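My notes follow the model.

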Amino acid sequence: MKKIVLVTGATSGIGEACARVFARGGYDVIVTGRRAERLEALRKELETLGAAVKTLQFDVRDAEAAKNALASLDDRWKQVDVLVNNAGLALGLEKEYEGCPDDWNTMIDTNIKGLLTMTRLVVPGMVERARGHVINIGSVAGDAAYAGGNVYCATKAAVKALTDGLRIDLADTPVRVTNIKPGLVETEFSRVRFHGDEDRASNVYKGIKPLTGADIADVVFYAASAPAHVQIAEVLVLATHQASGSVISRRN
Ligand code: NDP
Ligand code: 8X3
């Protein structure tokens with residue numbers, strides 16, 4: 001029987017790349033996100049890679065919708081082997097004392113509460129089956145705050161704490177828990193952060209070769225593929241010319 005991976009936020013960027021790498025690696029794949037057309041296009045693509053695919057369209061901020069989506073799966077598909085908690089976003093780069101409370105709520109509800117919702121729904125089954133792996137997508141932003149990062153950085157620091165806490169709570173089970181912490185990855189992330197301002201978004205990657213979603217997906221797949229006694233607890237993945245959240249060497 002093939003293993004099953006569930007990737008949240010698979011309609012773009014890192015999540016989409018993870019879905020591809022796991023499909024190529026022999027998994028059946030559950031992809032989630034809010035954009036139905038993209039989920040459908042991805043389903044078709046992943047099927048050409050030999051994977052069986054389920055699409056679940058819901059907003060991770062809506063706990064009831066998440067619960068209903070998972071409940072709609074048949075028993076075989078409910079047996080998720082790997083949960084990749086990837087859905088997330090940054091909004092804005094304002095100073096903390098000038099920031100937008102709606103943006104703060106969206107980041108907190110998605111990056112923290114959405115991840116918790118999915119964990120709460122999927123992990124009890126992993127414990128029951130004595131098999132499973134939770135891979136959270138944290139960030140270098142969770143290691144130290146950078147200018148204007150305030151609330152986003154706080155959500156990713158929370159992802160680190162929640163990943164560590166889950167690992168502690170699961171230490172007496174075979175279920176593994178991993179935090180993958182990327183630096184600059186060129187995806188739709190900056191376009192979303194700057195509310196669709198393409199110029200501002202592309203400036204983020206000026207003068208540096210950023211990571212790609214595929215670079216991160218390879219690390220996620222490596223963690224999932226390690227032998228059962230090996231738990232990759234945390235990995236910080238940076239572009240070569242990025243040294244920390246705020247130290248980036250750019251060339252003209
Ligand atoms: P993208 O914007 O390209 O992808 C984000 C994904 O999250 C999309 O599939 C989107 O799907 C999904 N998503 C966002 N909000 C929701 C929601 N409320 N409900 C369901 N799905 C949601 O960005 P990335 O691929 O770069 O980001 C993926 C993760 O990686 C995030 O957690 C981000 O914080 C993290 N990260 C990104 C870095 C970067 O530099 N790009 C670096 C470090 C970490 P849809 O809109 O269809 O719902
Ligand atoms: C995304 C990377 O540096 O923009 O988490 O915060 S960064």
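I sorted the lining of the largest cavity by class and got 7 nonpolar, 5 polar and 3 charged residues. This is a predicted model, so I note that with every value here. I put the volume of the largest cavity at about 80 Å³. Of its 15 lining residues, Leu91, Gly92, Glu94, Met107 and Asn150 are the closest to the centre. I also checked the helices: α5 (101-129) and α6 (150-169) each give at least two residues to this lining.

How many cavities of 30 Å³ or more does the whole structure have? My search found 2.

I turned to the second largest cavity, with a volume of about 70 Å³. Its lining includes Thr8, Val60, Asn85, Asn86 and Ala87, and also Ile137 and Lys156. α5 supplies the largest share of this lining, 5 residues. By class I counted 5 nonpolar, 6 polar and 1 charged residues.

Next I looked at ligand 2. The space it takes is the largest pocket. Around ligand 2 I listed Ser139, Ala141, Tyr146, Tyr152, Gly183, Phe189 and Arg193. That shell has 4 nonpolar, 2 polar and 1 charged residues.

Which side chains have an N or O atom 2.5 Å from an oxygen atom of ligand 2? I found serine 139 and tyrosine 146. For tyrosine 152, the distance from a side-chain N or O atom to an oxygen atom of ligand 2 is 2.6 Å. On its own, ligand 2 has 240 Å² of accessible area, and the protein covers 88% of that.

Conventions
Residues numbered from 1 in each chain as written. Chains lettered and ligands numbered in written order. Heavy atoms only, no water. 1 Å grid on protein atoms, 1.4 Å probe; cavity = no way out; pocket = protein on both sides within 12 Å on 5 of 7 lines; lining within 4 Å. Points joined across faces, edges and corners; volume = space filled by probe spheres on them. Helix = DSSP H or I, 4+ residues; strand = E, 2+ residues; numbered from the N terminus. Nonpolar A, V, L, I, M, F, W, Y, C, P; charged D, E, K, R; others polar. Near = heavy atom within 4 Å. Polar contact = N/O pair within 3.5 Å; in protein donor to acceptor, adjacent residues only side chain to side chain. Areas by Shrake-Rupley, 256 points an atom, 1.4 Å probe, with all protein chains shown as cover. Sits in = over half its atoms within 2 Å of the grid points.
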